[in-house]
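Colleague: I would like to go through the terms used for this structure and see what stands behind each of them.
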Amino acid sequence: MTEPSSLLTVPRPLTVKKAKAGERIDTSEDSTRLIYWYIACSAFWLFFGTLIGEYLGLKFAWPELDSQSWLSFGRLRPVHTNVVFWGFASTAMIALALYVVPRTSQRELYSYKLGWVSLGLINISVFAGSICLMAGINNGGQEYREFIWPVMALFAAALVITVYNLYKTVALRKLKEIYISNWYILAAFFWTIILVTLAYLPGYQQDGLSQTVVQGYYMHQGVGQWFTPMVLGLTYYFLPKLLNKPIYSYSLGVLAFWTQMIFYTMIGAHHFVFSPIPWWIQTVAIVFSVGMFVPVTAGTANFLLTMKGSWRTIARSYSLPFILVGVLFYATVSYQGTLEAFRSLNKVWHFTNYTIAHSHMSMYGFVSFLIWGGIYGLIPRLTGSEPPQLSVGIHFWLALIGVLLYSFALMIGGTLQGLSWMGDNAFIDSVTLMAPYWVWRAAGGTLMFISHLVFAWNVWKMRPAKQPETKTQAVAA
Amino acid sequence: MKLDFHKNHKLLYGTIFWGFLFLSLIIAVLPALWVQDATKPLEWDEPMTELERRGLEVYISEGCVYCHTQQVRPIKMDEVWGRPSIPADYAYIDRPGIWRQTPAVLGSSRTGPDLSNVGTRQPSAIWQYMHLYNPRSVVEESIMPSFPWLFKVVENPAPGTKVIPIPEDYAPESGKVIPTERAKALVAYLLSLKQAPLAPPSQN
């Protein structure tokens with residue numbers, strides 16, 4: 001008889017101990033307070049926006065859940081999308097940008113006051129917009145353009161103020177080079193300001209289908225020229241910083257940047273393939289969708305090659321796994337988007353729930369995970385308070401398993417929907433066949449929602465610690 | 001001039017700003033303008049009435065567009081919904097006022113059926129009212145929301161009031177269901193959704 005292996009007898013902890021966040025960064029209290037408040041607001045909007053998303057998901061299984069006008073599906077759906085877009089993701093990205101831009105320009109933020117003003121404007125805009133939408137006041141049913149212009153103007157004003165603040169910071173930088181992060185981050189602001197302005201101006205989109213031409217451009221760039229360049233720019237800072245090594249290739253980042261600007265701008269109309277808008281716009285969109293292979297491959301390869309050889313560091317960190325997942329989703333969801341634009345595949349997937357899976361993989365798997373990676377990478381160093389590693393782990397796994405469950409359920413169900421339509425079945429069959437997939441979607445959504453409660457708890461645990469001076473005084477006393 | 005994007009912030013951000021604005025003009029603004037100018041309604045297609053226009057506003061306000069499309073694509077699987085949609089089908093839709101933009105009716109999701117021809121498919125106003133009051137009263141498997149706030153329940157409707165017959169299982173405990181003005185407008189709009197023929201109807 002042999003003794004049991006000594007390896008087996010060693011008590012194994014449930015979780016692996018992760019590395020500490022490291023030294024607290026020497027930064028002004030103004031900066032910490034401002035950034036922390038942005039993050040706290042974004043955590044609230046994430047909670048609120050996904051509470052509504054969760055509720056909407058349940059309505060697919062129980063359509064008679066309530067009979068209040070302001071809780072009905074048609075009114076709440078835009079509340080969900082707009083709150084997570086403008087309330088959660090945008091606020092969180094701006095928070096991280098308010099750190100990254102000054103840091104890589106080696107100077108303080110130009111004005112903290114302007115930072116507070118724009119936070120206030122964003123919150124008022126998202127709050128007022130949600131109330132309007134629940135009251136049935138929307139801009140016309142165009143996705144992500146549902147806030148009426150007086151409400152969206154507040155959000156746009158916040159963008160203008162913030163980009164002014166960041167531009168001044170870069171212009172007064174204390175080194176010659178403009179770091180690649182600041183290309184992406186400031187570009188995202190400039191592009192989105194143009195985008196929102198053109199999406200709301202009257203004149204060329206008054207009658208008939210003209211607003212649909214603008215809508216294709218707007219709804220696509222809303223994701224691709226705001227969220228994408230923002231999180232990519234932030235990742236160009238956080239990934240090398242957290243790995244403590246330079247980015248693999250600076251030039252790949254530059255190539256991805258310019259190709260993103262040129263190709264991405266042209267592809268909005270792929271949301272309207274086979275629609276009655278001019279055929280040539282649709283074809284241009286499909287061609288440039290293929291062109292997106294260039295920036296996506298360049299960006300993903302750059303990040304993965306930076307990670308190469310540092311897998312152990314990633315495993316030992318509690319923020320880097322979020323970034324790894326985000327990068328993998330970035331590649332997956334972008335290639336998937338190109339496939340969806342092909343007319344042959346568009347036939348099967350367009351109008352089905354497959355689209356909903358795609359949008360969650362991009363806004364959640366890609367954008368939100370990169371945001372969380374940045375938050376967990378930065379905030380503890382800024383505030384001096386670490387979140388409990390166990391609850392960061394719970395956040396990570398619930399969010400990841402949740403979004404995978406959610407997306408696979410809707411990708412499978414959506415494909416079956418499309419095939420059902422192509423098979424000339426009664427329309428109602430495509431509704432009844434979805435029932436089990438909608439239940440799986442609700443299950444995935446529930447995991448995601450719970451992870452956001454854990455995230456909010458972690459944000460609370462990361463609240464600024466007392467400044468070191470006070471600590472020394474306490475010890476001295 | 002040297003193209004030192006990584007050192008000259010004015011050059012970098014200027015290119016970013018003006019470059020994107022230029023691309024936006026050629027891919028969005030100018031095509032939109034062109035579509036707007038080129039789109040004329042079919043001469044024999046009746047313009048929308050005031051009531052139907054108000055119905056379209058209810059349609060947008062309640063978010064019907066999130067589950068219903070109004071576009072028939074030129075592919076075989078869409079033949080069941082009608083002929084392929086053309087820009088002229090949407091020519092009567094315009095901006096409702098200063099606060100809101102021209103509504104979008106094309107839609108992006110078919111959780112429910114396409115409505116391009118719902119006025120032909122379900123021409124009964126009573127069916128439309130019952131369906132809006134509770135979709136399951138006419139289609140058992142439907143997951144569409146009920147819209148009870150578009151109706152009133154009254155004990156003794158005045159003579160001549162339109163009373164909606166609701167099956168017992170779905171009817172309120174007591175009283176009669178009558179449509180509000182918003183419901184009437186919405187149903188008028190839905191019944192007006194009929195694709196106009198591509199060629200003028202013959203005169204006789």
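**Terms and values**

Modeller: Chain B has five helices and two strands. This is a predicted model, in which local features need pLDDT of at least 70 and side-chain atom pairs count only at pLDDT 80 or more, while totals for chains, interfaces and linings use all residues. Residues are numbered from 1 along each chain as its sequence is written, and chains are lettered from A and ligands numbered from 1 in the order in which they are written.

Colleague: How does the radius of gyration of chain B stand against that of a compact globule?

Modeller: The radius is taken over C-alpha atoms, and the globule rule is 2.2 Å times the number of residues to the power 0.38. For 204 residues a compact globule would come out near 17 Å, but chain B has 23 Å. The C-alpha trace of chain B spans about 85 × 50 × 35 Å along its principal axes.

Colleague: Why is Glu146(A) called buried?

Modeller: Buried takes 20 or more other C-beta atoms within 10 Å of the residue's own (exposed: 12 or fewer; partly exposed: in between), with C-beta atoms placed from the backbone. Glu146(A) has 24 within 10 Å, so Glu146(A) is buried.

Colleague: Where is Glu146(A) placed?

Modeller: Glu146(A) sits in the loop between α4 (112–134) and α5 (149–171) of chain A.

Technical notes. Helix = DSSP H or I, 4+ residues; strand = E, 2+ residues; numbered from the N terminus.
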